[in-house]
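Dear colleague,

I am handing over the structure we spoke about, and my notes on it follow below. Please read them with the coordinates open.

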Amino acid sequence: MSVSGHCLCKSVRFTLEGPHNWIGHCHCDSCRRATASPVTTFIGHPDGKWAINGAIKEYQSSPIVTRSFCPSCGSPIFYKTSDIPGEVHFYAALLDDPTLIKPTTHWHYDEALPWLHITDDAEKQGV
């Protein structure tokens with residue numbers, strides 16, 4: 001399976017080939033601040049199975065995390081962490097058709113904002 005996506009201004013496009021390693025929601029403070037949203041959804045995808053078209057900028061948000069974004073519109077594209085080598089974490093909301101994926105896990109659920117009510121059946125870690 002192949003999925004594709006792009007940033008807000010469409011100057012950065014990406015393609016993910018083959019199966020994803022995982023798909024899930026993150027509620028941690030760092031991801032909320034990086035996206036200005038109460039939760040964000042990621043696709044963990046193996047290195048060598050994705051491609052980027054367009055220029056990206058990087059920001060070292062912690063000693064182990066680098067976040068990449070479009071320098072024109074500021075859309076976050078993906079992040080990498082040295083804790084999980086061999087894969088990149090793409091923002092699922094950027095997919096051309098986000099309905100093609102199904103998140104299975106909530107990470108850092110103990111940091112979820114109390115005014116966001118989650119009712120799906122995905123596993124909740126960090127409870």
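Which residue lies over the face of Tyr109? It is Lys124, at 5.7 Å from the ring centre. Please bear in mind that this is a predicted model. Another charge over a ring is that of Arg67, which lies over the face of Tyr79 at 5.3 Å from the ring centre.

Turning to the aromatic rings, the count comes to 7 aromatic pairs. One of them joins Phe42 and Tyr91, whose rings are tilted at 55° between the planes and lie 4.7 Å apart, centre to centre. Because Phe42 belongs to strand E4 (residues 40-46) and Tyr91 to strand E9 (residues 87-91), this pair ties together parts that are 49 residues apart in sequence. Both of these residues, Phe42 and Tyr91, are buried.

A further pair, Phe78 with Phe90, has ring centres 5.3 Å apart and planes at 50°, so it too counts as tilted. Phe78 sits in strand E8 (residues 76-81) and Phe90 in strand E9, 12 residues apart. Phe78 is buried at a relative accessible area of 2%, and Phe90 is buried at 0%. Ring pairs also link Phe78 and Phe90 with Phe14 and Trp50 into a cluster.

The covered face of E1 carries Val3 and Gly5, whereas Ser2, Ser4 and His6 make up the uncovered face.

Conventions: Residues are numbered from 1 along each chain as its sequence is written. This is a predicted model: local features need pLDDT of at least 70, side-chain atom pairs count only at pLDDT 80 or more; totals for chains, interfaces and linings use all residues. Side-chain values use heavy atoms; hydrogens and water are left out. Buried means under 20% relative accessible area, exposed over 50%, partly exposed in between (1.4 Å probe, protein chains only). Helices (H or I, at least four residues) and strands (E, at least two) are DSSP runs, numbered from the N terminus. Rings of Phe, Tyr and Trp (its six-membered ring) pair if their centres lie within 6.5 Å; planes under 30 degrees apart count as stacked, over 60 as edge-to-face and the rest as tilted. A charge sits over a ring if NZ of Lys or CZ of Arg is within 6 Å of the ring centre and within 35 degrees of the ring normal.
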